[in-house]
Amino acid sequence: MRLHAKVLLVVVPLAVIPLLILGWLAYDQLRSTAIERSSSQMTTIMDQMARNFQMHQDVAKANARLFADASLMRAYALTEDEEERYVLMLPSLLKLFSSYLRAYPDYSEIRFLLPDGYEDARTTLKPIPNMTEEEGGTTFFRELGRFKGETFVQVTTPPDSQRVSLQVARPLRLIDLSTQDPLNGTPTLRGYLVVTIGLDFLAEQMDANRIGENGRTLVVNTDGKILFHPDASRLGQGIPAPLLKKVLEMAKNEQRVPVSYKQANSLLATRRLHKDLLLIGILPEEEWLKESQRLGNSVAWIVLGTVVLLIITLLIAMNFLMVRPLKQLMEAVREIGHGNLAPEIALSTRDELGQLALNFQDMAGNLETSRIKVERLAYHDSLTGLPNRFRAHETLRGMISLARRENGKMAVLFLDLDNFKRVNDTLGHQVGDQLLKEMANRLKVVLRAEDVIHQEAPRNTSDLLARLGGDEFVVLLPRINSSHDAAKVASRILEIMKVPFYFDDKEIYSGSSIGISLFPEDGGDVDELIKLADAAMYQAKEQGRDNFQFYSASYNLAALEHISLEGRLRRALKNDELELYYQPLVQARTGEIVGLEALLRWNDPLEGIILPDRFIPIAEDSGLILPVGEWVLREAGRQLSAWRAAGLTRTCVSVNVSAIQLQRQDLVTIVGEVLKDNGLFPWQLELEITETALMKIRPEVIGNLDTLRKKGVTISLDDFGTGYSSLSLLQELPIGKLKIDKSFVRDMLVDPKDAAIVSAVLFIAKSLGLKSTAEGVETPEQAAHLAQEGCDQLQGYLLCRPLPVAEITEFLKSGDIIAPSGQR
């Protein structure tokens, strides 16, 4: 006899007999559990239905009280003048009832009954006919009349709908404040508010919650009449008298008792939903017996399968313990001969074969460890343990070759930590190194399994300062379908970088800027793809950091255009190509022109008129905003002097001032020179400062503005509402006017949020004693609304577009008044 057969002959009987005993015990326990689970399922469903009914009833009672306490309902009930009651108040009351019905679809109708039972008001959104308006003789109203509490609830079948419904009535006992003392007066019954609620939700819940295949729930009244049943043909029939008697006896407890239903043994459970409404649950015996039989079959198959599996396991174990070890040792020797210094020998026995396997593994392990150390020193970063630049280039070169052969796509993500140098300089290089390690760990977690991550080494390894480039990383994404795949990876990286870093007791926030280049769209070799991704990363930094950007050739074109516009703008200052247009500020109520806003235009010889939105950002980046801003101030002052000489002595002009001017120019001196050189009064010159700019300036600059204000120069806060200024800071600022941004004015008549913001700004201005101006007024309705809200001044194309000097001069000389409709 073979060794396999001997082992099976001894072991199998010892294992099979206990398995059979355990199988029988498990079947008996599972059978008891199945019976309990089935009955528990029935009671759980019934408890849910009872709670749901109670919840609907409680909500209906609360809503009836809420509806009855509505001011319109109370006023209607107290009004005795029939003309005022039915002509003026009834339509509004019915509309109010309709809004309640739309809010609660289960409510079929709402009625208001007079104390004598006359239906005074009724609303329904469903096609339910009104069978009678005199309900004084109905059983429902008689019981309602005897009711002395706050909310009366009854389950009935109204003659209108002929459907079982829950009627919730709220007596309106009110004191007429016009004739009675509110403290000593006696409330008088003025009628009843009745809310009718359909009970279809019970049928829906019965359909949705079945008790197995044959169990069922039904709702009956105290007479045994079936009101709700899964089988519609059973509605209106009565349950057997013995069953009804049992149900009524059990109505006060929640136990399950055995009964006979349809000549079958069953479990019965009852819940009282209302004094006239009973919920019955019936679970036939065949339901839990079927489950028990199924469990018995399952246990039998499990025992049989276990026996078969045991035999197979023994056969496999014999093969594993004796034959396989020898084969593994032979294969290991072959692998070492072919250069694999880490062959797998899965032997853990303590016999001669196991000892021989351990010796083989020790020898191969030592060789492999030495090889790994040498390779790691050459191709990995010592700080983070990630592959270094050389391995990145090597891997990327292989990916490009594979993508070219398969006609596929791939992406290179170049990223670094924002403000990493500041962390190193302030907290030390030790914290900086820890930050790099933590970033590497986060990147390993967030990236896909097929992505390859590399830390970018410094370009000049002989330079001592090369460690400053150690915050740069490269992520290689092979086999992408589109740029969207790269964007998703970049988004995941940015999201995880928003979580702060913790080192000892320090909390550090450091985002990341990411540049992306694509193969084959952007380039076809290693150096080009990395260079373009690096350029895209710098573009991301220029876009505010903590974002990602794809490489774009148009970005280079935009940079060239930026340089071109900057050079042409320098020449424009010298060649007198700048010009001021003026747009009137109009008194909201009278239409009188009370001032002008100076708006800068550039008459470029190549492109014609260029608007400031295009060249002002370039001027601010290059510092040209300082001479440009000073030119605007002096030109506006010169034009005011010219108008004054022409007899237009009441003209004042507002000039926009940038944050850079506030920080770097001596505005007090420049404004003083403008006023003195042109013989102007201080009130004729107004400085407009955006809310965002004002939040960035230093406290001493606010002192300079206060000096100008004390001299009589008006300081306006432009585009108010688009920044983040606090009300306490607003109270301290030396401003005399708030200008509402046109983005709020544009949609204030259709967007309640914009309308609320406009009203709030006007209220703030009035409360602080400031004037107010609304920008971007384009329609007569906007002008009328702003005037009604108390806005002082209006500005926009409805009133007048910006005009050059010649046209605005003629306009001022005409002395026209601009009506809110835009007509002169």
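Visitor: Which residue forms a salt bridge with Lys 737?

Guide: A salt bridge is a side-chain nitrogen of Lys or Arg within 4 Å of a carboxyl oxygen of Asp or Glu. Here the partner of Lys 737 is Glu 686, with the closest N and O atoms 3.2 Å apart. The pair links distant parts of the chain, 51 residues apart: Lys 737 lies in strand S24 (residues 737–740) and Glu 686 in strand S22 (residues 685–690). Strands (E, at least two residues) and helices (H or I, at least four) are DSSP runs, numbered from the N terminus.

Visitor: What should I keep in mind about the source?

Guide: This is a predicted model, in which local features need pLDDT of at least 70 and side-chain atom pairs count only at pLDDT 80 or more, while totals for chains, interfaces and linings use all residues. Residues are numbered from 1 along each chain as its sequence is written, and side-chain values use heavy atoms, leaving out hydrogens and water.

Visitor: Is Lys 737 buried or exposed?

Guide: Buried means under 20% relative accessible area, exposed over 50%, and partly exposed in between (1.4 Å probe, protein chains only). Lys 737 counts as buried because its relative accessibility is 3%, and Glu 686 is buried at 6%.

Visitor: Where is Arg 85, and where is Asp 120?

Guide: Their side chains meet in a salt bridge of 3.1 Å, N to O. Arg 85 is in helix H3 (residues 82–103) and Asp 120 in strand S2 (residues 119–124). Both residues are buried.

Visitor: How many salt bridges does the rule give?

Guide: The count comes to 33.
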